[in-house]
Amino acid sequence: MKPLFRHWKLWLPLLLFAVLLGFLARGLSRDPREVPSPFIDKPAPALDLPRLDQAGLRLRREDLLGQVWLLNVWASWCVACREEHETLLAYSRRGRVAVYGLNYKDTRAAGQEWLRRFGNPYVASGFDDQGLAGIDWGVYGVPETFVIDMDGRVRLKHIGPLTEQVIAEKIEPLLVQLGV
């Protein structure tokens, strides 16, 4: 045993390389869209914003308690939001669950024009021109979609455009679990 310890300086870099390789392999095997959210199964952050369509009205989390709902974070300047919009419109038309929007770091006029031009899938959209509500919700970028349960807990966070596959494989099974 003594000769093995005598050459520890030779073994140490090899051991460190193996540990580093293990971390790298684990990181590369993960889906980059699966960013863990500290909000999962916890109460949704506060939401109290003026509505995009009528600044005198508010979109408040407390008003949405008692129903399962989706919050889709979007912006008129977001290319990926345009990519997901047809899917979001079609899903909203199904009426399975209420879809609300969070218009993020946008101007009121641009957001309103975008919805007028491409269609409005939202029951209502909150207007977050400074991005402060987005920070509270842990938004990394747009689009992002959250599923909130009847008790106001975040049950899913999806980063990136919604697709029919995401809806079928992630959102719909969760809605079934939530009794929708």
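**A guided first look**

Guide: Happy to. Reading from the N terminus, the elements of the protein chain follow the order α-α-β-β-α-β-α-β-α-β-α-β-β-α. That comes to seven helices and seven strands. Please keep in mind that this is a predicted model.

Visitor: What share of the protein chain is buried?

Guide: Of its 180 residues, 43% are buried. Among contacts between residues at least 6 apart, 71% join residues at least 24 apart.

Visitor: Which residues touch the most other members of the largest nonpolar core?

Guide: A nonpolar core is a set of buried nonpolar residues joined through their side chains. Here the largest one has 46 residues, and those touching the most other members are Trp69, Leu71, Trp137, Val147 and Ile171. Several elements each supply at least two residues of this core, including the strands β3 (69-74), β4 (98-104), β6 (144-148) and β7 (154-159). Among the helices that do so are α4 (79-94), α5 (108-118) and α7 (164-177).

Visitor: Let me pick Leu71. Which residues is Leu71 in contact with, leaving aside its neighbours within four places in sequence?

Guide: Leu71 contacts Leu47, Tyr100, Gly101, Leu102, Trp137, Glu144, Thr145, Phe146 and Ile148. Trp137 is also listed with Leu71 among the core residues that touch the most other members.

Visitor: Now the helices. How are two packed helices described?

Guide: Two packed helices are described by the angle between their axes and the distance between the axes. For α4 and α7, the axes come within 11 Å and cross at roughly 35°. Their crossing is right-handed.

Visitor: Which residues of α4 and α7 meet?

Guide: On the α4 side, look for Thr87, Tyr91 and Arg94. They meet Glu164, Ile167, Ile171, Glu172 and Leu175 of α7. Sorted by class, this contact has four nonpolar, one polar and three charged residues.

Visitor: What do Arg94 and Glu164 form?

Guide: Arg94 and Glu164 form a salt bridge, with their closest N and O atoms 2.9 Å apart. Because Arg94 belongs to helix α4 and Glu164 to helix α7, the pair ties together parts that are 70 residues apart in sequence. Arg94 counts as partly exposed, at 46% relative accessibility. Glu164 is also partly exposed, at 38%.

Visitor: How many salt bridges are found in the whole structure?

Guide: A search finds twelve. One of them joins the side chains of Arg155 and Asp41, at 3.0 Å from N to O. This pair links distant parts of the chain, 114 residues apart: Arg155 is in strand β7, and Asp41 is in the loop between α2 (8-28) and β1 (48-50).

Visitor: Which other salt bridge does Arg155 form?

Guide: Arg155 forms one with Asp149, where the closest N and O atoms are 3.4 Å apart. Asp41, Asp149, Asp151, Arg153 and Arg155 are linked in a network of salt bridges.

Notes. Residues numbered from 1 in each chain as written. Predicted model: local features only at pLDDT ≥ 70, side-chain atom pairs only at ≥ 80, totals over all residues. Heavy atoms only, no water. Core = buried A, V, L, I, M, F, W, Y, C linked by side-chain atoms within 4.5 Å. Buried < 20%, exposed > 50% of the residue type's maximum accessible area, 1.4 Å probe, protein only. Helix = DSSP H or I, 4+ residues; strand = E, 2+ residues; numbered from the N terminus. Contact = heavy atoms within 4.5 Å. Salt bridge = Lys/Arg side-chain N within 4 Å of Asp/Glu carboxyl O. Axes fitted to C-alpha atoms, helices over the stretch in contact; angles between N-to-C directions. Left-handed = near helix turned anticlockwise from the far one by under 90°. Nonpolar A, V, L, I, M, F, W, Y, C, P; charged D, E, K, R; others polar.
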